[in-house]
Amino acid sequence: MDNTAIGRRGLLRMAGAGALGLAAAPLLSSCGGGASTSGGGVSNAGKQLVPWPAYVPFAGPKPDAPGDDTGVQNLYLKYPETLAQSVNDTVGDGSKVTALVVTFGPPPTPVTQNRYWQAINKALNVDLQVTVVPDPEYGQKMTTLMASGSDLPDIIMFTNLALPHSLEFIQAQCADLSEFVGGDAVKQFPNLANIPPYAWKGMGRINGRIYGIPLERPTPANSLFVNRTAMNEAGIPKTWTTEQYLDAMKELSSGRKWGLGWYKTLFGGLGSITFHAGSLGAPNTWSLSNGQFATTLATPQFEEALGLMRKLVEARSVHPDSLTVSSTDMQTYFHNGTVASIQDGFGSMSLTTLTKINKRYELDLGYPYGPSPTPWQGAGMFGYVTFKKAPADRIKLLLRISDYLSAPFGTKEYELANYGVEGVHFTKEDGGIKTLDLFQTENNNTLPFRYIGTAPSVLYLPGYPETAQATHDWQKATLPRSIPNPANGLRSASQVSKGAQMGQIMGDGIAAITFGRKPLSAWKDVVTQWRNAGGDRVAEELAKEHAATQ
């Protein structure tokens, strides 16, 4: 899945059932007097700010088409003939290293039978023991882990979930990495220095300090993935007006097939409406004017997008199980052609997705349909990794592991981390990577080392150059008009303490109106409820934080 809405629904329900009470006491006691139930100890306002890590980009192989500063990625239609070596020193010391990460795939084969895992351990010179937790269970697992405050793994991955008190926990229990990666210090880890500034800023500081390594993601936020073959057969063009989009989804819906599929975790926040709100020109979560933040929820464009989603449901263009089905099941429906489009994180434009589609149809991305679209950008990262507090030498070892796994495209380290062992998991044919059968079960999806360290992304889809080119064309057409969330990387005490409740109000309201349980006119009451639950206070705190960190 790989997007900001993943798993939120389960987390929000859990929080409503008392998870906040479970987590609060141990976290606050571990934070001492510097924290409060509102998370005030994590604000950057009035603090001395550690400089962002210096950016030293990897030169890399020449792309077939270059990226640009709007977020368009470098395009590679062929795999580089010569690979660089980005890590020349020994990474580990032979010790055991434990890690906890989320997974969106099946469980990995045990290390004793997993040649990919064995090869990574050998390259890192550690016994890397990875616990993978399915995304529907990750919120509960993380809440329990933070509440216990003991037996922590060496490496802990935090997704973009709004976990209550997570920042307080990180400040209390995880290593402050400022002296190792702040400013020029990061240059001792060249692959971490290659992480773009927007990813570090999207992660943000805590109390002025740097506590994590961001897992970079491209600029686009949730995107509309489409079955281009089905759309071509129905005479649907790549670009469309609002009415043409609605007609297209209806045209593709008959029998046991539907134009669009959502899934239950999209309704834990803004995930379900991202593509539509951006198409119709709504601000990306917040707007910022004269130092003041205003919510997108109260804009006419957002309400119009909500009304359009309702029209899709009324026209029976949406899979009927979209409020209850899991992301994994809906993805399967998309892969097998049951639904002709699905909203997903942009990171799903990957070899893993294309392999599952297995050439049944041509994969493409849907263009925004409104007259003045403002496609939403993501935070530039899919969470980040933190390290359990330890002596400096141990922290440096963990940073070297993340540095190795963050090696950029065009390096030997990237090849191992992303494709496995040549001759075992892949071969090189016709200027590109060709995966072998073993890659289907041993890969960076079933054993997601990419959630310990990840390379800045490029557009290279081995075996699918046409899809890569189409994605590049889509980026060039849409990203110049895209807009960021001005709150990215900013801290709000009320967001920390009230975010789960606010997200539940918002997600439940979107679902109720979209599926006809409440009229569109009820949205104003939802916005009022959201404001009273903490939304207005969050806006005030974001303004203060923004002013202090510029």
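Modeller: Quick ground rule first: a salt bridge is a side-chain nitrogen of Lys or Arg within 4 Å of a carboxyl oxygen of Asp or Glu. Keep in mind that this is a predicted model.

Biologist: Okay, what makes arginine 394 and aspartate 154 a salt bridge?

Modeller: Their side chains come to 3.2 Å, N to O. The cut-off is within 4 Å, so the pair counts. The two residues are 240 apart in the chain, with arginine 394 in helix α14 and aspartate 154 in the loop between α3 and β3. Both are buried.

Biologist: Why is lysine 187 called partly exposed?

Modeller: Lysine 187 has 45% relative accessibility.

Biologist: Then why is aspartate 184 called exposed?

Modeller: Its relative accessible area is 54%, and exposed means over 50%.

Biologist: What makes arginine 537 and glutamate 541 a pair?

Modeller: Their closest N and O atoms are 3.1 Å apart. Both sit in helix α18, four residues apart, about one turn of the helix.

Biologist: Why is glutamate 541 called buried?

Modeller: Glutamate 541 comes out at 15%, and buried means under 20%, so it gets that label. Arginine 537, at 47%, is partly exposed.

Biologist: How many salt bridges does a search of the whole structure find?

Modeller: The search turns up 12. There is also a network of salt bridges linking Arg228, Lys238 and Asp364.

Notes: Residues are numbered from 1 along each chain as its sequence is written. This is a predicted model: local features need pLDDT of at least 70, side-chain atom pairs count only at pLDDT 80 or more; totals for chains, interfaces and linings use all residues. Side-chain values use heavy atoms; hydrogens and water are left out. Buried means under 20% relative accessible area, exposed over 50%, partly exposed in between (1.4 Å probe, protein chains only).
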